[in-house]
Protein chains: 2
Amino acid sequence: MAVRWYSTVIEARDHRALARWWAEALGWQTAFDTDEEVVLWPPWAQELGPKLPFHQVPPGLVFVPVGHDKQTKNRIHLDFAPHVDDDRDAEIERLLALGATRTDVGQGDGVTWDVLADPEGNEFCVLSSRDV
Amino acid sequence: MAVRWYSTVIEARDHRALARWWAEALGWQTAFDTDEEVVLWPPWAQELGPKLPFHQVPPGLVFVPVGHDKQTKNRIHLDFAPHVDDDRDAEIERLLALGATRTDVGQGDGVTWDVLADPEGNEFCVLSSRDV
């Protein structure tokens, strides 16, 4: 049996502040908070997680402190998608109001996604709206 | 309603080769394969996904081609965990036999996780065994 994808880990200058930001951005909850890491879970994790086989429990987001700023465009980034019933533009405005910034990674015009960055500069995409 | 975490995206020199590697490493399936991206899903996605509300569908892994090698230690990485009923050492040996390498990110001795890198040098951790 293979390993389970347990989390995506984001290094941060201020891991608590960045975790708070993402919790607000995603509507996720803090599962664990120490000087070494902050773990975020989606709000359904407590109910859904114990019902699922070990390998099917979805990954969390983990924030760990480092002593240096982000240096280059990240090789690994996160993609997010709104539901078709949500207001995509309003969602992007909400993220910008929280402190996200628009960033240019050479995506050009006419792509179906928007590229933003979190307060520590980590690029992420907001994809087109969808229902699956 | 917030956006759904849709995927973690990994840039790659050879996105098809790296996707094949991770599919084998995780026991995941290729959901989508083009010159622009390869999308991996866990084997239970087809059955489980349609039963879940949109925001609860777990994220996939996406591999996209780029024209440059990885430059620095990644700011974002993936963590994996074996189940307590699995043989953790054997799982690490399996990943190494597939082409993972052990890498030193300054983790020191005595930590409970092993740091490996995939064939393009992306660091990932194999955490301690667990049952939740």
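The model is predicted; local features need pLDDT of at least 70, side-chain atom pairs count only at pLDDT 80 or more, and totals for chains, interfaces and linings use all residues. Residues are numbered from 1 along each chain as its sequence is written, chains are lettered from A in the order in which they are written, and side-chain values use heavy atoms, without hydrogens and water.

Over all chains, 13 aromatic pairs were found (ring centres of Phe, Tyr or the six-membered ring of Trp within 6.5 Å; planes under 30 degrees apart are stacked, over 60 edge-to-face, the rest tilted). F80(B) and F124(B) form an edge-to-face pair, because their ring centres are 5.7 Å apart and their planes lie at 85°. F80(B) belongs to strand β5 (residues 76–81) and F124(B) to strand β8 (residues 123–126) of chain B, so the pair ties together parts 44 residues apart in sequence (strands: DSSP E runs of at least two residues, numbered from the N terminus). F80(B) is buried at 1% relative accessibility, and F124(B) is buried at 2% (buried: under 20% relative accessible area, 1.4 Å probe, protein chains only).

W5(A), W28(A), W5(B) and W28(B) form one aromatic cluster. The charged end of R130(B) sits over the ring of Y6(A), 4.6 Å from its centre (NZ of Lys or CZ of Arg within 6 Å of the ring centre and within 35 degrees of the ring normal).

Conventions. Helix = DSSP H or I, 4+ residues; strand = E, 2+ residues; numbered from the N terminus. Buried < 20%, exposed > 50% of the residue type's maximum accessible area, 1.4 Å probe, protein only.
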